[in-house]
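Hello,

Here is the structure we talked about, ready for you to open in your viewer.

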Amino acid sequence: MTTDRTAPGHDVIVIGAGMSGITAARLLADAGRRVVVLEARDRIGGRMHTDRDAGFPVDLGASWIHGITDSRLWELAQALGVPTLEFTVGSFQAGGRPIADFDGDTRRMTADASAQWTADVAEADRALEREIAASSPGDTYLDVTERALDGLERLPEAMDPERIDEIREFFRHRVEEQCGAWIGDLDAHGLDEDAIEGDEVIFPRGYDELPGRIAAGLDVRLEHVVNAVEREDDGVRVRTDHGEFRAGRVLVTVPLGVLKAGSITFDPALPDEVAGPIRRLGMGVFNKIFLQFPERFWEDGVYAIRALGEPGEHWHSWYDVSAISGRPTLLTFAAGPFGRRMQDLHDDDIVADALAALRGLYGEQVPAPAARWITRWGEDPFSRGSYSYIATGSSHHDHDALSGPVEDVLHFAGEATWGAEPATVGGAYASGVRAAERILGTPLDLAAFAERRGRR
Ligand SMILES: Cc1cc2nc3c(=O)[nH]c(=O)nc-3n(C[C@H](O)[C@H](O)[C@H](O)COP(=O)(O)OP(=O)(O)OC[C@H]3O[C@@H](n4cnc5c(N)ncnc54)[C@H](O)[C@@H]3O)c2cc1C
């Protein structure tokens with residue numbers, strides 16, 4: 001055990017070396033503060049995790065910037081000169097870039113049928129928007145979608161019931177992918193902030209290049225698991241499995257799932273302004289399955305393959321990410337209740353199940369995959385889920401309230417603390433900037449920050 005008893009020592013201890021923690025630490029260090037970052041894992045990046053063991057990058061955590069227009073994160077990536085690839089259906093749109101749609105009878109839909117499907121979803125979304133606006137506190141996303149679909153069923157020129165069922169499934173899957181939650185657990189306003197402005201992009205060299213570049217030169221102590229944060233008269237004491245650290249202030253950036261699990265004890269206990277949001281907000285599960293095939297069996301030029309209706313009950317969307325490795329690769333997701341159940345299965349069973357669904361669409365010509373990558377974020381002790389969502393009974397306000405600060409000593413950052421864009425890398429980045437601004441007591445010039453980082 002080492003003891004880093006500092007008075008003086010560090011001005012700020014940052015707990016967690018994900019995007020939010022690294023960003024805040026870098027801004028604080030640039031402003032002359034003595035900062036140490038304590039990270040439980042043996043790597044930085046947190047939920048930005050690029051596996052490069054196979055000789056090409058596989059993003060097991062975040063992949064996308066969901067909309068580059070007016071995005072500070074996009075400006076950062078540009079300033080750093082990090083290459084990106086346009087890939088615009090990452091946020092579960094019905095249309096947009098070409099999608100190979102399969103109907104409820106596993107028949108490939110024509111271009112006209114796909115266009116009609118996109119138009120039907122848009123109509124249902126307009127009805128849904130009206131129902132959300134008219135909803136009452138306590139209404140779930142399931143309540144408002146059912147009301148919207150009931151309304152569509154009653155129209156004089158109603159869609160046929162099978163189509164309405166397909167839209168119902170689509171809404172359910174959208175909540176699973178965007179929030180990692182069951183539609184009945186999400187608040188009616190849970191997707192209010194889900195607008196995508198501009199193209200979406202992915203990172204052919206791996207998304208974790210971003211936190212890696214920002215972290216260069218910082219004092220990051222890896223494999224330091226924090227288990228207690230104690231406020232004292234003259235600062236804060238942070239206990240880890242490798243000794244204790246003291247500083248004037250602490251910035252906590254561990255995921256909401258870790259806070260909910262009580263893996264870190266706070267003494268004195270957190271006030272209800274922060275403890276309440278931790279209790280009320282939800283932590284969803286969203287897992288990735290990459291299947292790499294010996295040869296390509298699907299059409300050229302499609303961004304995604306999507307199965308509507310019953311055949312797509314579990315495995316409904318496949319994203320063609322072959323451009324990253326140069327090998328035929330599909331990425332599919334298991335999220336919400338199915339994502340949790342999947343974590344208990346053996347990898348072979350998961351692949352067999354996903355493969356059977358793909359063969360239902362493309363026939364027996366679908367070969368066995370040559371390689372696969374499977375995540376289990378819900379079982380990860382340093383994440384305990386994938387990202388936060390607005391559970392019924394919580395609100396957007398809870399996200400921002402979670403940032404504290406508590407007596408200007410205990411600050412919080414991370415995707416779950418950023419109400420305007422939770423569950424994203426962009427939200428984590430913005431929350432890290434806000435925390436640094438609060439600690440420094442001054443607004444920061446992000447364009448200058450990005451430019452400084454780009455020069456290194
Ligand atoms: C599968 C998946 C796909 C995603 N896809 C996208 C996407 O395409 N686009 C997008 O914008 N977002 C996506 N996200 C969300 C995005 O990854 C996160 O919102 C963002 O990376 C969170 O950053 P953060 O700094 O808030 O938290 P984290 O990155 O989780 O950082 C927190 C850090 O705290 C550390 N920590 C935890 N407990 C302790 C402890 N006791 N002591 C010390 N350290 C501890 C963790 O190890 C971690 O490094 C995805 C997430 C997942 C899981």
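Before the first strand pairs, one convention: two strands count as paired if DSSP finds at least two bridges between them. Please also keep in mind that this is a predicted model.

**Around β1**

By that criterion, strand β1 (residues 10-15) pairs with strand β11 (residues 243-252), since 5 bridges join the two and they run parallel. Valine 12 has arginine 249 as its bridge partner in β11. β1 also pairs with strand β2 (residues 35-38), again in the parallel sense, over 4 bridges. In that pairing, isoleucine 15 is opposite leucine 38 of β2. Of the 6 residues in β1, 5 are buried, so the strand is largely enclosed by the rest of the structure.

The largest nonpolar core has 119 residues. The members that touch the most others are Ile13, Val14, Ile15, Ala24, Leu28, Leu186 and Leu251. Helix α13 (residues 425-440) gives the most to this core, with 8 residues.

How do α1 and α13 cross? Their axes come within 7 Å, at an angle of roughly 35°, and the crossing is right-handed. On the α1 side the contact is made by Met19, Ser20, Gly21, Thr23, Ala24, Leu27 and Leu28. From α13 the contacting residues include Val425, Tyr429, Gly432, Ala435, Ala436 and Leu440.

**The six-strand sheet**

Another sheet is open and has 6 strands, in the order β6-β15-β16-β17-β14-β18, with mixed pairing. Its edge strands, β6 (99-102) and β18 (371-374), each pair on one side only. From one strand to the next, the twist averages 20°.

Within this sheet, β17 (residues 329-335) is worth a look. Why can it be called largely enclosed by the rest of the structure? Because 7 of its 7 residues are buried. Both faces are covered, with Thr329, Leu331, Phe333 and Ala335 on one side and Leu330, Thr332 and Ala334 on the other. Strand β14 (residues 286-292) is joined to β17 by 7 bridges, and the two run antiparallel. There, leucine 291 is opposite leucine 330, and phenylalanine 286 is opposite alanine 335. Strand β16 (residues 317-320) is also antiparallel to β17, with 3 bridges. In that pairing, aspartate 320 is opposite leucine 330.

Helix α11 (residues 347-362) contains alanine 354. That alanine counts as buried because 22 other C-beta atoms lie within 10 Å. Apart from residues within four places in sequence, alanine 354 is in contact with Ile289, Leu291, Trp315 and Thr332.

**Backbone details to check**

Most residues other than glycine have a negative phi, and most peptide bonds are trans. Here are the places I would inspect with that in mind:

- Aspartate 267 and proline 268 are joined by a cis peptide bond, with omega about -5°. Proline 268 is in the loop between β12 and α8.
- The bond from glycine 404 to proline 405 is cis as well, with omega near -5°. Proline 405 is in the loop between α12 (396-401) and β20 (410-412).
- Threonine 106 has a positive phi, near 55°. This threonine sits in the loop between β6 and α3 (111-133), and its 18 C-beta neighbours inside 10 Å make it partly exposed.
- Alanine 423, in the loop between β20 and α13, has a positive phi of about 70°. With 27 other C-beta atoms within 10 Å, alanine 423 is buried.

Leaving out residues up to four places away, leucine 270 touches Ala275 and Val406.

Note on methods: Residues numbered from 1 in each chain as written. Predicted model: local features only at pLDDT ≥ 70, side-chain atom pairs only at ≥ 80, totals over all residues. Buried ≥ 20, exposed ≤ 12 C-beta atoms within 10 Å, placed from the backbone. Axes fitted to C-alpha atoms, helices over the stretch in contact; angles between N-to-C directions. Core = buried A, V, L, I, M, F, W, Y, C linked by C-beta atoms within 7 Å. Left-handed = near helix turned anticlockwise from the far one by under 90°. Contact = placed C-beta atoms within 7 Å.
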